[in-house]
Amino acid sequence: MATQLRAGDPADTTALTAIDVTDPGLYAHDNWRPWFARLRRDAPVHYCADSPFGPYWSVCNHADIQAVEARPDLFSSSHVFGGITVVDLFGEFNLPQFIAMDRPRHGEQRRVVAPSFGPSEIARMAQSVRQRTVELLDTLPFDTEFDWVDTVSIELTTQMLAILFDFPWEDRRKLTLWSDWGGDIEAALNPATKDVRQQHLIDMTNYFDRLFAERKALPPTADLVSLMAHSDAMGDMDFQERMGNLILLIVGGNDTTRNSMSGAAHAFHQYPGQWQKLIDDPAKIPAAVPEVIRWQTPLAHMRRTCVADTEVGGQMIKAGDKVVMWYISGNRDESVFPDAERLDIGRPNARRHLAFGFGVHRCVGARLAELQIQILFEEMLKRRMTVTVTGEPEYVAQSFVHGYRKLPVVIRRH
Ligand code: HEM
């Protein structure tokens, strides 16, 4: 899985016009690296004329991705054009949510939820996140194989969402269920499952509507449900928009942080010297967190739609064209991150990673995600836990969520 292209590798010899980096096989087999290395070398802004998602542009290097993100008036996020992933979502799947809106509505709604992720709220949540992390870690066996994804990553991120929403604790696995259905675009398009999925999303919105009504009747607090219920910009959303924004917050905070935690276990397994550095000096943990997120890049891409003819990286992009920004590639751009494949907690510019995006849509939950990962590392080190991967990881087979289905591990005491 070298970042570097090997001469003769299919990624090196395939005609540029035949390359389609949305191919799920590249992600299922963890074989995306050489393909993006090829595009960064030979066609950093690349046109794929024919894919299951129609024609699209790939933007593959760090500078060009930032250039696209920096011009939201030219590169729209709007759901009206099909949304923010390479899959065009229209009709019943095209839910209004602020990640898939342009200004002014985007800013109005983002400002409603932002206080939940501000410094004072983060400090307040840190206590509960730590307590829950400790409780979970104390249940983990030493020297016995288990699945890190389900036991640690899923459980911790679900708990964090429950804290963020001040969601009834005993019902928290409903959040996992809704997140899994909500984020499953394949299920949305499959006639055999689409109604089941839709019913889950309706149940979710009805459940939250009860919470909204309860919180509205109480003085405002800083949890997400109360903030939305008491706000002007989000207090009057219709059913579809409530559904869309709930899914955004649930899926946005779930798969991403989950896969950072899974990626962390896998990365430190492959670079044990880096974990040793943390064992020797836990003060390095805050620097390790952005590096792990860069290395994993839990969302492989975000998509924009070009609204007026323009140029990016020397290529002419036309109004209406779909533009896919491959964060997974920008974060391996050797001109910004030398020896980019290597996990290096001492990397001086790890914070320049693009895993949270860039510009007006940059992840609103970034600090909360970092906090959770930081606390996880701190508490693992206090318990002298070193994770070893004991079998083949199972990867998510799609080009949007970049992550793990299963990661068999054993914990040993160091
Ligand atoms: C490591 C974990 C995470 C990663 C990698 C991640 C990644 C991203 C990315 C790439 C974007 C789009 C940025 C852009 O278009 O420029 C985004 C936006 C967003 N994220 Fe995250 N995210 C993470 C954690 C979270 C958490 C914990 C939450 C909260 C529950 C959250 C909620 C959101 C929301 C609401 C948006 C939309 C922001 C906007 O459109 O203004 N994310 N995230």
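## Working through a predicted fold and its ligand site

Asp339 sits in the loop that runs between helix 16 and helix 17. Keep in mind that this is a predicted model.

**Exercise 1. Do the accessibility check for Thr297, and say where Thr297 lies.**

Solution. 
- Step 1: Thr297 belongs to the loop between helix 15 (285–296) and strand 5.
- Step 2: read the angle. Phi of Thr297 is near 50°, a positive value in a residue other than glycine.
- Step 3: apply the cut-off. Thr297 counts as buried because its relative accessibility is 1%.

**Exercise 2. Go back to the loop between helix 16 and helix 17, and work out how Asn349 is placed there.**

Solution. 
- Step 1: Asn349 is in that loop, and so is Cys363, with helix 16 covering 327–330 and helix 17 covering 366–382.
- Step 2: Asn349 has 19% relative accessibility and therefore counts as buried; the limit is under 20%.
- Step 3: list the contacts. Leaving aside residues up to four places away in sequence, Asn349 touches Val336 and Phe337.

**Exercise 3. Which protein atom is a donor of the iron atom of the ligand, and at what distance?**

Solution. 
- Step 1: look for protein donors at the iron. Cys363 (SG) is the only one, at 2.3 Å.
- Step 2: trace Cys363 back to the chain.

**Exercise 4. Describe the shell around the ligand, starting with the residues that come nearest.**

Solution. 
- Step 1: there are 30 residues around the ligand, and Glu69, His106, Arg110, His361 and Cys363 come nearest.
- Step 2: You get 17 nonpolar residues, nine polar and four charged.
- Step 3: go through some polar pairs. A polar side-chain atom of His361 is 2.6 Å from an oxygen atom of the ligand. For Arg304, a polar side-chain atom lies 2.8 Å from a ligand oxygen atom. Gly252 uses its backbone: a polar atom there is 3.2 Å from a nitrogen atom of the ligand.
- Step 4: see which elements give two or more residues to the shell. They are helix 5 (105–113), helix 13 (239–270) and strand 5 (301–306). Helix 13 gives the largest share, seven residues.

**Exercise 5. Find the peptide bond that joins Arg103 and Pro104, and say whether this bond is cis or trans.**

Solution. 
- Step 1: read omega, which is about 5° for this bond.
- Step 2: name the bond. The peptide bond between Arg103 and Pro104 is cis.
- Step 3: Pro104 is in the loop between strand 3 (75–76) and helix 5.

**Exercise 6. Work out the strand order of the open sheet of three strands, and name its edge strands.**

Solution. 
- Step 1: the order is 4-12-9, and the pairing is antiparallel.
- Step 2: the edges are strand 4 (146–147) and strand 9 (385–389), each of which pairs on one side only.
- Step 3: zoom in on one pair. Strand 4 and strand 12 (residues 408–413) run antiparallel and are joined by two bridges.
- Step 4: Opposite Phe146 stands Val409, in strand 12.

How values were computed:
Residues are numbered from 1 along each chain as its sequence is written. This is a predicted model: local features need pLDDT of at least 70, side-chain atom pairs count only at pLDDT 80 or more; totals for chains, interfaces and linings use all residues. Side-chain values use heavy atoms; hydrogens and water are left out. A residue is near a molecule or strand if one of its heavy atoms lies within 4 Å of it. A polar contact is a pair of N or O atoms within 3.5 Å; within protein, one must be able to donate a hydrogen and the other to accept it, and residues adjacent in sequence count only if both atoms are side-chain atoms. Helices (H or I, at least four residues) and strands (E, at least two) are DSSP runs, numbered from the N terminus. Ala, Val, Leu, Ile, Met, Phe, Trp, Tyr, Cys and Pro count as nonpolar, Asp, Glu, Lys and Arg as charged, and the others, Gly among them, as polar. Donors are N, O and S atoms within 2.8 Å of the metal (3.2 Å for Na, K and Ca); water is not among the atoms, so sites may look incomplete. Buried means under 20% relative accessible area, exposed over 50%, partly exposed in between (1.4 Å probe, protein chains only). Contact means heavy atoms within 4.5 Å. Two strands pair if DSSP finds at least two bridges between them.
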